[in-house]
Structure formats: structure tokens, C-alpha cells
Amino acid sequence: MEMEKGKVVVEKVRGKSTVIRSFSKYPLKFIIPRKVGSSITDAVWIYSLTYGGGIVSGDSISVEFTIGDGCTAVLTTQSSTKVYKSLGSKCSEQVLEARIGSGALFVVIPDPVTCFSTARYSQKQVFRVVSDSSLVIVDWFTSGRHESGEKWDFELYRSSNCIFAEGNQPVFLDTVLLEQSSLVGIAERMHEYQVIAMVLIYGPKLKHVQDQVQENVKRLMSQQLQIPSTRLGCCAKTNSDNCLVRPAFIASCSAFGPKGMGVVVRVASTTTEAVYRFLHHQLAGMEPLLGVSPYS
């Protein structure tokens, strides 16, 4: 099936980041407010929606973004992206491609993807940057409608994120794949965790945010992973998985790219609310650049 393409172009107009072209076709729609946050902040916000609030089996959506030199653009959503059940082997697909100019900042901060029972979903995001581009990606998904008892009941979830520098040089290549197996189901592998997230922060404009996030994650996990000695003794004696203390929230952080220009944080949590709080806290330092603190 040929993908329906949307297109957004952001350029400077009278010194302000402005959407000069916006095009989308069903089931995709863009909403571009006149202003979000402080009037002195140069950032344009773009809300991506799907008609009916979700994606159905067989939907194929492709979007291209061009962020011009010196511009700041934010792509977000108004609620989680719901992926409804699959018919046969049909897979719902989304592809995002973005070119980020010199001195530009592109921030992709959606709500999570929620796959319903038996759904099949695949997304791919490709970002092309130059030496002084900056980029933030939040890519996360939940186990499904876990409040209603659906936990990791979908058939397939695949998400790929790729960053390429000039000359098509790979800077970051990452894929998350969860697929039901006759041997071990997704729910068994995920234990009690209901949310998986990745936060990527890249580029010279975000060095202060990277430093703060690395320090925050290091401090958080040093507190989370302190296992009481009595419980540790139980596990050491029995070697039983039932004794293992799993924190309700786990995060790790590592640098990547030339000269460590990027930081990637990976998160697993038993609740969606904990991840929202984490994202809000870690990305709060971006408010001066965006006019509003992400996930506020």
C-alpha cells in the first residue's frame, strides 16, 4: 500500500520560526497554534492528530519535516496514539523523516503509543542533521489498556530511530521489537513493567540539558537500586526469582555520537504517570527554548 504523505516546512519569517507549508491527508491532521507559551520565545508548536484518535489495521502514514536554519520546532500530540486490532496480518505503519538545518532544533515529544489487543504496529523515524543541529526524541509505548486487563496482548510492536549526519554517516541507529512468541509471550518477558520509553537529547543547544539529565538519572538509580540487606540475603540463599526486588521505575543513561554530542535515556516503569513525571522533570530545562516546559 502506498503511504499517504504529509509535509511540514518551517522557515524563518521576519526573524521568527514559522510554518510556511503544511499538508496532510486522512487519517492525519496537523494543528498549528498561533503561539504556545512565552511570546518572546522563538518556537513553533505542531500538534499531530489522527482522526478518531487512533490508527486502524492497514493504515500507512508518512510525514516529512524540514526545519530550516536557525529554527525551533516542536512536534507533539494531544493524547496517546491508539493502535486498534489487526485484521489478519495487516500492520499499521507510521514513517517520519526530518531534515534539521544549521543551528536548528527539532523536538519530538508525543504521548505514548498504546497498542490494543492483537494489534500490529511499526514505526520508523529518520533524522538528518548537520554539525550544529539539535534534536530531542521521546519514543515510548505502553502495554495496552492495562487498566482494563489488557497487558502486552498485542501481536507486534516495532520502532526504529535513525540519525544520519552529513554524507549519510550514521550517528544513532536503534530498534525496539516486541513480538508474540509461542515459546515466551511478551507479558512474561516484561514482568510487571507497563511502560517502555527512550529519550534522546542531541546537539550543541542542549548540552546543559544533557548534563543535568545524566546527573539526575545517576542520582535516581543510586537511590532506586538500594536493596535491603535482609531481602538480598533471602535471594542469595534461595536463588529464587520470587525473591528478586524489581524497582517500579528503572532508568539508564549513556552518551553517543561524535564527541559524545548525544545522550540516550532508557526507561521501564510500572505506571504511565511515573514516566510523565520523569519526562517533565528531565526536560524542564528546555522551557527557555520552547516557551513551555514539555509534558507540563
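This is a predicted model: local features need pLDDT of at least 70, side-chain atom pairs count only at pLDDT 80 or more; totals for chains, interfaces and linings use all residues.
Residues are numbered from 1 along each chain as its sequence is written, and side-chain values use heavy atoms, with hydrogens and water left out. Local features need pLDDT of at least 70 and side-chain atom pairs count only at pLDDT 80 or more, while totals for chains, interfaces and linings use all residues.

Reader: Why do the buried residues of helix 2 line one face?

Author: Buried means under 20% relative accessible area and exposed over 50%, with partly exposed in between (1.4 Å probe, protein chains only). The buried ones in helix 2 are Val 209, Gln 210, Val 213, Asn 216, Val 217 and Met 221. They line one face because, seen down the helix axis, the directions to their C-beta atoms fall within an arc of 135°.

Reader: Which helix do the buried residues of helix 2 pack against?

Author: Contact means heavy atoms within 4.5 Å. On the strand side, the partners are strand 16 (195-202), strand 17 (249-256) and strand 18 (262-269).

Reader: Which strand supplies the largest share of the lining of the largest pocket?

Author: A pocket is an open set of points on a 1 Å grid over the protein atoms alone, where a 1.4 Å probe fits, with protein on both sides within 12 Å along at least five of seven lines; lining residues have an atom within 4 Å of a point. This one is lined by 30 residues, with Ser 48, Thr 77, Thr 81, Gln 94 and Pro 110 nearest its centre. Several strands supply at least two residues each, including strand 3 (28-31) and strand 9 (92-100). The largest share, four residues, comes from strand 12.

Reader: And which strand gives the most to the second largest pocket's lining?

Author: That lining has 14 residues, and Ser 17, Pro 33, Arg 34, Ala 43 and Val 44 lie nearest the centre. Strand 2 (16-23) and strand 4 each supply at least two. The most, four residues, comes from strand 2.

Reader: Is Glu 150 buried or exposed?

Author: Glu 150 sits in the loop between strand 13 and strand 14 (156-165). Its contacts include Phe 116 and Arg 145. At 16% relative accessibility, Glu 150 counts as buried.

Terms used: Lists of a residue's contacts leave out its neighbours within four places in sequence.
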